[in-house]
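Me: Please go through this protein with me, one question at a time. I would like each answer to finish on the value or name I ask for.

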Amino acid sequence: MKNGENGGRRAGQRYKALMTWQILLRNTDEDHGLTATDLSIELSDYGIEAEEHSIRRDIKALQDLCGKSAEIDEGETFGYRIEHRRTDPVGYRVSERPLSMDDLQLIASAIRSSRYLSKKQEKRLLDALGAYCSKYQLKELASGAAWISRDKTPNDRVPKNIRIINKAIQEKRKIRFQYLKYTLQNRSDQTPRRKGNPYILSPYKILISEGDFYVIAYDGKKIVHYRIDRMNDVRMLSDPRDGEAVFESLDTRSYAKRLFSMFSGEKKHVRIRFTNDLLDTAVDRFGATDAIYTPTDSNHFTVSVDVEVSNQFYAWVCGFRKKATILGPLEVVEGVKRFLGDIQAKYN
């Protein structure tokens, strides 16, 4: 293109500052810089001719924009900082970004550990983090912690399902969906329960536990919960939801604790004796303030706490073998004896 055809500018000049910014974002960070000469070479790869003094002028404008803009509130910044250093490594660099490497590592770890994301979605999101760091930092993210035995859902519609359910909760509408299950004949794909007949519920809250998302809802008779990664063809209905009074009377914290702990049964105040090395485990299970912890002797402590007594609760306690003992009340002690007796009879 001739100069006259572009208002007297050489080809690509109108994009020069933008491309300079993109090159700095991708190729520089706290430990890597580019000189004006380097930037001129990089720009030439895009067919943009630039003299070093014009590059410095563009970078000065970018520095002013990053530090403060008349278009935003007084004192606000965009979260970026461009520095120039005369010591090794010499050159201009994007030394600060809205997200630090610690932030990005946390986000990358959360993405890798999320079971509700499919492998395709995980890769797309991890690749997208490249927009927030240099190519060198992206390599560091790629070599982050590996998550072992984290099965990914085959359902890649989970994020969309969450948006639909959230909207239904906000607008107080019912939802309909199919609920999926595995079969012994096909364990790679899930098939609809109830021969594909839809579930219709009144959603109230979404809870998260260990990478799984659950919707807490009212089914017309009681409060129920469903895993969102097992939901298919989720739709918001025009019907207003019901069960407001039932949900308002629900202790959501207690319900979540029972749901995620798999303890679902009659509530009892129990006393359990543990060996001292299980204190962290007990606090993780019962909380630091919801239970009373009492030293028993130099090797043991006792927990007094309300629990939902069930077979899952008995199995959890018995999993510690001699290191944990249910002390009371009597009906719970008798219950664990029956639980163990049934297991023993199975192997006689």
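Me: Among contacts between residues at least 6 apart in sequence, what share joins residues at least 24 apart?
Reply: This is a predicted model, where local features need pLDDT of at least 70, side-chain atom pairs count only at pLDDT 80 or more, and totals for chains, interfaces and linings use all residues. Residues are numbered from 1 along each chain as its sequence is written, and side-chain values use heavy atoms, with hydrogens and water left out. A contact means heavy atoms within 4.5 Å. Of the contacts between residues at least 6 apart, the share joining residues at least 24 apart is 63%.

Me: How many helices and strands does the protein have?
Reply: Both are DSSP runs numbered from the N terminus: helices are H or I with at least four residues, strands E with at least two. The count is 12 helices and 12 strands.

Me: Which residue of β11 is the bridge partner of I272?
Reply: Strands β9 (residues 266–275) and β11 (residues 300–309) pair in the antiparallel sense over 10 bridges. In β11, the partner of I272 is V303.

Conventions:
Pairing = 2+ DSSP bridges.
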